[in-house]
Amino acid sequence: MDSASSGIQEPFDLIRLSLSERVFVKLRGDRELSGVLHAYDGHMNLILSDVEETIVIVDHAEGAPEGQGTVNIAKRKMEMLFVRGDGVILVSPPSRT
Amino acid sequence: MPRRPTSSRPHPPPPLPTTTGSPTDFLKGVVGKRVVVRLTSGVDYRGVLSCLDGYMNIALEQTEEHVNGAVTNRYGDAFIRGNNVLYISAAEPL
């Protein structure tokens, strides 16, 4: 069983091992977060601190071909954040080495 | 009265493939293998499947994020929330 080497039996173990670590979170609506994970639950509701949110805004110019819109990136910081689980697409812990 | 064709013997069902099994058997078989996970958004994640649960939450290792065929991100580990998953495809022979 090769999952024994990493000590992961179920996907939530990955999140549990990331508590108190800085994680990358990909959200619906072209939003990304980077923050320190304080708590989570089975819905993937998250509590993050020291968060930076990155929002990708694509403006489609009139008559521009598909995928040729200008991309704007907005960032903002928050001290403490509750993330509702249903918006979460992906969570990536810091690399375990 | 409608007439049935004279040679109306139904064909026997095609032989079942040699590897039958339930979807769960497939998923058990691909743990530890390279897979492609496609999300409903169309984004693909290619990596080694560490494990998954009943919600189809997925843990991947050595993950590459592909958008329109181009690599857009790499993650050592990634947790994918199951509701976003469209399919899991085996990327190497089982």
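Student: In what order do the elements of chain B run from the N terminus on?

Tutor: This is a predicted model, in which local features need pLDDT of at least 70 and side-chain atom pairs count only at pLDDT 80 or more, while totals for chains, interfaces and linings use all residues. Residues are numbered from 1 along each chain as its sequence is written, chains are lettered from A and ligands numbered from 1 in the order in which they are written, and side-chain values use heavy atoms, with hydrogens and water left out. Helices (H or I, at least four residues) and strands (E, at least two) are DSSP runs, numbered from the N terminus. Chain B has 1 helix and 5 strands, and their order is α-β-β-β-β-β.

Student: What is the order of the elements in chain A?

Tutor: Chain A has 2 helices and 5 strands. From the N terminus on, these run α-α-β-β-β-β-β.

Student: Which residues of chain B does UniProt list for "domain: Sm"?

Tutor: The annotation comes from an unreviewed UniProt entry; its positions are given in the numbering used here, its feature name is shortened, and annotations may be inferred rather than shown by experiment. Over the listed stretch the chain is 11% helix and 58% strand, with the end C-alpha atoms 15 Å apart. The entry lists residues 22-94.

Student: Which residues of chain B lose the most area to chain A?

Tutor: Contact means heavy atoms within 4.5 Å, and 21 residues of chain B are in contact with 24 residues of chain A. The area buried between the two chains (accessible area, 1.4 Å probe, lost on being put together and summed over both) is about 1800 Å², of which carbon and sulfur atoms give 57%. Together making up 40% of what the chain B side buries, the residues that lose the most are Asp77(B), Phe79(B) and Arg81(B).

Student: Which side chains meet in a salt bridge, and at what N to O distance?

Tutor: A salt bridge is a side-chain nitrogen of Lys or Arg within 4 Å of a carboxyl oxygen of Asp or Glu. The count between chain B and chain A is 1. Its partners are Glu65(B) and Lys26(A), at 3.7 Å.

Student: Is Val58(A) buried, partly exposed or exposed?

Tutor: Val58(A) lies in strand 3 (residues 46-59) of chain A. Buried means under 20% relative accessible area, exposed over 50%, and partly exposed in between (1.4 Å probe, protein chains only). Because its relative accessibility is 39%, Val58(A) counts as partly exposed.
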